[in-house]
Amino acid sequence: MTTTMGIRQRLNLSRLYLCTDLRTEKGDFFDFVRAVFAGGVDLLQVRDKKAAPEAVAEAISEVRRMAPMRSLVVVNDSPQIAGGCQADVLHIGQDDMPPGEARGYLHDHALIGRSTHSVEQADAANADGDVDYFCVGPVHATPTKPTYVPVGLDLVRHAARIAPPFARDAKPWFAIGGINAGTLEPILDAGARRIVVVRALTQASDPETAARELRTRLDEAWAEGRTEAEQMRDAWTPGTEGRD
């Protein structure tokens, strides 16, 4: 467990979020984890429905020891595993335990993320004091969530309106679903500055390089956005309204 200030700072500074299974068939899970952390992954969620809870918990504990100081390890769906691991972050879906109830399993400073797939769900997550960040998607069709209808960019634009990434007090949010280097630009244009990826890294021949390329572009987008925000602030000086 880390301090609450450290956890929240890491979340607020995050850009690149990866969901991965335990890569049982390839047998390279920990080598893969080292590579993507080296490439710039900020949050790493272990999501493996086929694995035993004990195996997931053991892997999460090891990944937490491996993670760079800037990074966070996320438990998927299970408040029980998150509580047993003393995890700093739990991510839950719309059909999982409600955030307020899930928080009862976690340490006092742990964070909770929520998946959202509609304007109503995004609004609810943004307003929920027990939700510390939310994800919007799937933007594009993805085999990771085959039963979910793609939401396109409209929900990304809505999230950018209700929680502007450059607003100091805005809740962090991530676009998710079919995102890779080839689909990233329209998602950035729609207002996202944080993304969740799966196959873009889990199927990459060189995961470290693939992660670094995505992270570099996200960092550039943040720098561009800050410049635009600063220009807008500089264009307006308090007390000048009504002057000729």
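Q: Buried means under 20% relative accessible area, exposed means over 50%, and partly exposed is in between (1.4 Å probe, protein chains only). How does Arg217 count, then?
A: Arg217 counts as buried, because its relative accessibility is 19%. The model is a predicted one, in which local features need pLDDT of at least 70 and side-chain atom pairs count only at pLDDT 80 or more, while totals for chains, interfaces and linings use all residues. Residues are numbered from 1 along each chain as its sequence is written, and side-chain values use heavy atoms, with hydrogens and water left out.

Q: Where is Arg217, and what is it in contact with?
A: Arg217 is in helix α10, residues 207-234. Helices (H or I, at least four residues) and strands (E, at least two) are DSSP runs, numbered from the N terminus. With neighbours within four places in sequence left aside, Arg217 is in contact (heavy atoms within 4.5 Å) with Leu184, Glu185, Leu188 and Glu224.

Q: Changing topic: how many aromatic pairs are there?
A: A search of the whole structure gives five aromatic pairs. Rings of Phe, Tyr and Trp (its six-membered ring) pair if their centres lie within 6.5 Å; planes under 30 degrees apart count as stacked, over 60 as edge-to-face, and the rest as tilted. One of the pairs is Tyr17 with Phe174, which is edge-to-face because the planes stand at 90°, with the ring centres 5.2 Å apart.

Q: Which strands hold Tyr17 and Phe174?
A: Tyr17 belongs to strand β1 (residues 16-20) and Phe174 to strand β7 (residues 173-176), so the pair ties together parts that are 157 residues apart in sequence. Both Tyr17 and Phe174 are buried.

Q: And how are the rings of Tyr133 and Phe174 placed?
A: Their centres are 5.6 Å apart and their planes are at 75°, so Tyr133 and Phe174 also make an edge-to-face pair. This pair links distant parts of the chain, since Tyr133 is in strand β6 (residues 133-136) and Phe174 in strand β7, 41 residues apart. Tyr133 is buried. Tyr17, Tyr133 and Phe174 form one aromatic cluster.

Q: Which ring does Arg23 lie over, and which does Arg15?
A: Arg23 lies over the face of Phe32, at 3.9 Å from the ring centre, and Arg15 over the face of Trp222, at 4.2 Å from the ring centre. A charge sits over a ring if NZ of Lys or CZ of Arg is within 6 Å of the ring centre and within 35 degrees of the ring normal.

Q: What is the phi of Arg23?
A: Arg23 has a positive phi of about 50°, although it is not a glycine. Arg23 is in the loop between β1 and α2, and it is buried, with a relative accessible area of 8%. Gln86, too, is not a glycine and has a positive phi, near 55°. Gln86 is in the loop between α4 (79-85) and β4 (89-92) and is partly exposed, at 37%.

Q: Back to helices: how do α2 and α3 pack?
A: Helix α2 (residues 29-39) packs on helix α3 (residues 53-66) at an angle of about 35°, with the axes 11 Å apart. Axes are lines fitted to C-alpha atoms, for helices over the stretch in contact, and angles run from 0 to 180 degrees between N-to-C directions.

Q: Which residues meet there?
A: Phe29, Phe30, Val33, Arg34 and Phe37 of α2 meet Ala59, Glu62, Val63 and Met66 of α3. By class, this contact has seven nonpolar, no polar and two charged residues. Here Ala, Val, Leu, Ile, Met, Phe, Trp, Tyr, Cys and Pro count as nonpolar, Asp, Glu, Lys and Arg as charged, and the others, Gly among them, as polar.

Q: Where is the cis peptide bond?
A: The cis bond joins Gly137 and Pro138, with omega about 0°. Pro138 lies in the loop between β6 and α7 (154-162).

Q: What is Tyr148 in contact with?
A: Beyond its neighbours within four places in sequence, Tyr148 is in contact with His117 and Pro138. Tyr148 is in the loop between β6 and α7 and is partly exposed, at 31% relative accessible area. The C-alpha atoms of Tyr148 and His117 are 8.4 Å apart, while the two residues are 31 apart in sequence.

Q: Which residues of α7 are buried, and what covers them?
A: Leu155, Val156, His158, Ala159 and Ala160 are the buried residues of α7. Their cover includes β5 (111-116), α6 (119-127), β6, β7 and α8 (184-189).
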